[in-house]
Amino acid sequence: MSRSALVGNITAMLQDAGFAVSDRCSIRPKSFDLAARRGDDLLLVKILANVDSLDAETGVEMRRLGSYLSATPLVIGLRTRDEDLKPEVVYFRHGIPAINPDTAYDLFIENVSPLIYAAPGGLYVNIDGDLLEDQREERGWSLGRLATELGVSRRTVSKYEDGMNASIEVAVQLEELFDQPFSDPVDVMEGAEEVREADPTPQDPAVEPDEDHVLAVLARVGFTVHPTTRAPFTAVSEDGDREIANLLTGHSAFTRSAEKRARIMSSLGEVTRTRSVYVTEEREKRDSVEGTALVSQDELAALRDADDLRDLILERARAPAEG
């Protein structure tokens, strides 16, 4: 299957599941392909035939954007370098959960979360330690008795009851011994934080010299600015205002490529519930591109505070777009 066909299939599946899906981010470099929202759940989705092709820089960017936009970064793919991704299993690449399309279908269409995750050494599950302890005591079994049945140490059983995860083989043994499952689902929609790498959100990247003066003005008028390196926009800016909580910002001469970026930003803004502004080198004849406000560098520099910028963006974005 071509990657384009895979992206189309995943887009259709998300729409069938009730997600509003953005236009595909088709300008390189790009850290994600689609944004998708269903209610309060927002996804930033990277779609890859081989999930091992997700590089560290892209993974870091996706995690940062997830933090800025209150979104879950997610990779949907078909295989690793060595094997196909197994159904009902969550993998991780650079701290981001990765699943195959069948697992995504189960999760989003059938509302069935995966129970298994892959980590160095094999496949594992989250064990409900409290339930295991209750069932063991109800049978009158000591830690040692259960350890003998499982072929592990008493200390290992104690760790299971304290919340340590278990191999899938142990989970199967427990289910057979007690005639009930002890596995908790992997919460993909929360980034599977309970099992993924416990790394803090990476630091913001350094500002590119060409963008420094624009982002400096945003900071001066009161926005908290988070530069990006591989997104379709230059930065995500926050000011805490209810009408513009987050602002996607682009900047360049207004070429055809810039216009395409502005359209993508508009589509992303609808899904992520953000406003977007594209800072141009000169004042353009039109005020917006499908909801992305166009503001010149001189107009931006003349603004006094965040209120002035908010008012200008809202005025431009609401104006009918020309030609």
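Me: How far apart do the C-alpha centres of domain 2 and domain 3 lie?
Reply: They lie 54 Å apart, with domain bounds taken from an automatic or database domain assignment. This is a predicted model, where local features need pLDDT of at least 70, side-chain atom pairs count only at pLDDT 80 or more, and totals for chains, interfaces and linings use all residues. Residues are numbered from 1 along each chain as its sequence is written, and side-chain values use heavy atoms, leaving out hydrogens and water.

Me: And which residues are in each domain?
Reply: Domain 1 covers 3-114, domain 2 covers 124-184 and domain 3 covers 213-318.

Me: New topic: what is the strand order in the open sheet of six strands?
Reply: The order is S11-S12-S13-S14-S16-S15, with mixed pairing. Strands here are DSSP runs of E, at least two residues, and helices are runs of H or I, at least four, numbered from the N terminus. Two strands pair if DSSP finds at least two bridges between them.

Me: Which strands stand at the edges?
Reply: S11 (224-227) and S15 (288-289); each has a single partner strand, so one side of each is left without a neighbour in the sheet.

Me: How many bridges join S13 to S14?
Reply: Five, between residues 246-251 and residues 275-280, and the two strands run parallel.

Me: What does H9 lie across?
Reply: H9 lies across S13, S14, S15 and strand S16 (292-296), at about 165 degrees to S14. Axes are lines fitted to C-alpha atoms, for helices over the stretch in contact (heavy atoms within 4.5 Å), and angles run from 0 to 180 degrees between N-to-C directions.
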